[in-house]
Amino acid sequence: METPIFTPSMVLAILPEICLIILAGLVLMADLLFRHRKERDLGLLTFAGLAITAGINLIYARPGLVPDLAFGGMLRLDWATYVFRTIFLVGAAISVLFTLDGEKRIRGGAFYLLLIIATIGMNLMAAAADLILLYLAIETTSIPLYVLSGALVKDPKSTEAGIKYMLFGAFTSAIMLYGFSLLYGFTGTTQLYALKDLLDAGQFSIFALAAVAMLVLVGFAFKISAVPFHFWAPDVYEGAPTPVAGYLSTASKAAGFAVLLRFLNVVFPDLYPSWVLVALLSVGSMIFGNVLALTQRNIKRLLAYSSIAQAGYMLIGVATATELGNTAAIFYLMSYLVTNLAAFGIVLIIGRTLGSDEIADYAGLSRRSPGLALALLVALLSLGGVPPFAGFIGKLFVFAAAVQANMIWLALIGIINSIIALYYYLVVLKVVWLNRSDHEQEAMPVTRPWALAVVVCVAGMLLLGTLFSPWYQWAMQAATAF
Amino acid sequence: MNFPILSFTIFIPLLAGLLILCYPRDRVTWPRVTAVAAAALTFLLTILVYVNYDIAQGGYQFIEKVPWMPIWDISYHVGVDGISAPLLLMAGVVLFCGSAVSWNVSDRPREFYAFLMFLGTSVLGVFASLDLFQLFFFFELAIFPKYLMIVIWGSPKTREYGAMKLTLYLFIGSVFALIGVLAIVFLSGANTFDLLLLEKAGFDTAFQQLWFPFVFFGFAVLAAIFPVHSWAPDGHVAAPTAVSMMLAGVEMKVGAFAALRVGIMLLPEGARVWAPLILALATINVVYGALIALVQTDFKYVIGFSSVSHMGLVMIGFATLNRDGLLGSGLQMFSHGVMTALFFSVVGMVYDRAHTRDIPQLGGLFQKMPAAAVAFIVAGLVSMGMPGFSGFIAEFPIFMGAWQVAPIVAIIAVLGVLITAGYIFLVIRRVFFGDLRPELAHVSDVSLLDKISMGILVVLMIALGVFPSLMYPMIQSGVNYILALVGGA
């Protein structure tokens, strides 16, 4: 095969990643050169770099009308890549804002470096059009995240989170890799866009293909924390530094959905069992996530189970296997990004003052800090699917997709689950607004970066919840680009 | 008309609420002044809408339409017809009176008034919606203000239970309605959320019969139809006065209105099949609600169950699907909204001063608060359908309509009204007359603002009772429009 000639479009195809690598280098150098400076500045540098990259991505890395397969078919610059990159970059930038003024031990150059590398990995996950790059991208994302989860080295819970996450990750990734190897064995190619035709031509039995789909789905289901590959999530979210937990639950989950959507739509678009599997994952995630969330007393664990359930709602969209369904899932991811980042961010801010993540300790919050209480109200109601917040529109779209695809049963299960979910969100709000505590008069400091991040997220929730049409079009362009 | 009067009506409370949230924490009077002023302005605008509605022309008026999501044909589309214009007026007056009688709320007044205003926007938005998505959006918008207001400012004993029960019941109802709404839009192949287009879509009969119960009963949970009525008394009792007024007065009408507009008007064939069931359930509402009200010893529960009973009459009127019944329902929605708001405001005033709602511990309050007592008696007379008051002109057509389709329903429902007379007289005698108990000697009279708001409600009910022509023709025009869709007489 002829070596691909270097073209400017190839630079364009990985422009955000190039920016991120430069940023990573800058962070590393700054860390080495300015040891005496405050570590906070490193975080600000990372934030600025991520924000600039997001801007560059939005303006210069916009895909053309025709999707561009670059680097010999390794990656594909299309609207899906573009939209997901934006999601990751925004998620990373907001997460970094929350790490400023947070726990001392997590603010090293290494921390930010790993966060940037994980973001590069996610970008590549969204763009990958080849099994090899896909696997590398998934590992590039996962390994830094294992370390980040264990970043609080003196906290046994954090260390446990890191190890647990790694073990689960390694296990599922091995199974997924086995699936990849079978695909290669069946067809002799690693290119996603060539696989389907070759699989069709090979006339493999549906059982073999379903088995392969199942193996591959294991890896993806782990990334999106869908039941039954969710066991790591509560412990990791609880133990990991809160901004990392927020990042894991949003950007990392979105990355999982990016590959899941691309893989299912490109490789197995007609394989019925794979969609059934997705529907089962969806039902399991919704039911387990919501039912287990009911009994949680720790807000981070509650958010972890709720985030498992949220993955289930998004999977409804995927399981419908329609354009509307995919669009709905992507829109849901966007709304979930701002919502869950806000939720974890607020939990971080409150936790820094209270020194606790127990829901019972949230008593009196609405008197102590009315602004934070309102922001938490917005975030939890958005998770619960109440207008005028983003989550309502997201849920409406996925349920609409299910109804349109004549999967009323799935919509009904989703709806029953959203009733359960509303209950436990309301219980938290009840503690915040009704219960009294002895510390109501004490201040609850909110630093400027935190305030900025929370305001951005709340504005995002209101924007996606009211003026949803442009974002829906984004999601639709992404959904049709696979 | 170029002035977007409906948008102003809907969004003034919302903007006022947002403004109130921005006030500094230590300013306790700013929120209430802003809220009452905004509510007064809204009330004024709803009066203007009502007065300027052209009855001769009929149909939807004051229409505004802005694309919201063109791909799905969702738009911000507002307009009122002969049914919704009176409801808008009712929402305006109850919002104003609710804000006014809450003048003394001192715990976190910012949040209280902001949430009350959000609730106002929600109900006004539903009444004026001509887009199915928008209707549902505003419908659901009420969830969090209702829950939080009951939990935070409700009566301590039952607020957690009442708030959660109410919220979950209503959420369950609304999500089933949502499935129905989505089915109407996507499964039917209509692919539009525009109510005006959907009304003319002419879905096939089997489709209508399948999906009618989803939307009708889903929305009717909020109208407290039997057997999913029990959130209503518990929720009303747990809520603070202003929220009880909004809930029982306006929110229940929101449920009934949505059931009418989405259920009956979009799926008339379905309505025809399911009407007997609705008729039966609603009849149970009327009698059962009244019987339970009869044995309550909690002043507020009496009114809570009376709402269940009266909403049953509205549902009976719907289910008749004929001119008299629908006319009566339209009038009853207005009349009951005003009446029950007045009931709850008086109950709130009594409780604030006597610190108990236990009827045996009350008595002789006429001597202490004559204005409130008179207002309550007027509301009571409306409630039992006394001629000369708005209740009579509303209930009489309902019975006429019911007689035409099922005389037995009319007979039983009239029985319910007799029971109503019983518990109303009983409660009036035990709370306001008899000897004043020594514990109640300290009770003071109600404030001027309270008197003004009660006065407005009383005047509305008497005016309507004496001059039915103030509202009759308008609702008639709305009913004509519905009948054209339903294809009845």
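**Exercise 1. What share of the residues in chain B is buried?**

Solution. In this predicted model, chain B has 489 residues, and 63% of them are buried. For chain A, buried residues make up 61% of 482.

**Exercise 2. Why can chain B be called as compact as a globular protein of its length?**

Solution. Begin with the secondary structure: chain B holds 19 helices and 2 strands. For 489 residues the globule rule gives 23 Å, and the radius of gyration of chain B is 21 Å, close to that value, so chain B is as compact as a globular protein of that length. Along the principal axes, its C-alpha atoms fill a box of roughly 70 × 55 × 40 Å.

**Exercise 3. Apply the globule check to the radius of gyration of chain A.**

Solution. Chain A has 20 helices and 2 strands. A compact globule of 482 residues would have a radius of gyration near 23 Å; the 21 Å of chain A agrees with this. Its C-alpha box is roughly 70 × 60 × 40 Å along the principal axes.

**Exercise 4. Describe the side of chain A that touches chain B.**

Solution. Start with the count: chain A gives 27 residues to the contact and chain B gives 27 residues. Next, locate them: on chain A, the elements with two or more residues there are H16 (370–384), H17 (390–404), H18 (408–433) and H20 (469–479). H18(A) supplies the largest share, 12 residues. Finally, sort the chain A residues by type: 23 are nonpolar, 3 polar and 1 charged.

Terms used. Residues numbered from 1 in each chain as written. Chains lettered and ligands numbered in written order. Predicted model: local features only at pLDDT ≥ 70, side-chain atom pairs only at ≥ 80, totals over all residues. Contact = placed C-beta atoms within 7 Å. Helix = DSSP H or I, 4+ residues; strand = E, 2+ residues; numbered from the N terminus. Nonpolar A, V, L, I, M, F, W, Y, C, P; charged D, E, K, R; others polar. Rg over C-alpha atoms; globule rule 2.2 N^0.38 Å. Buried ≥ 20, exposed ≤ 12 C-beta atoms within 10 Å, placed from the backbone.
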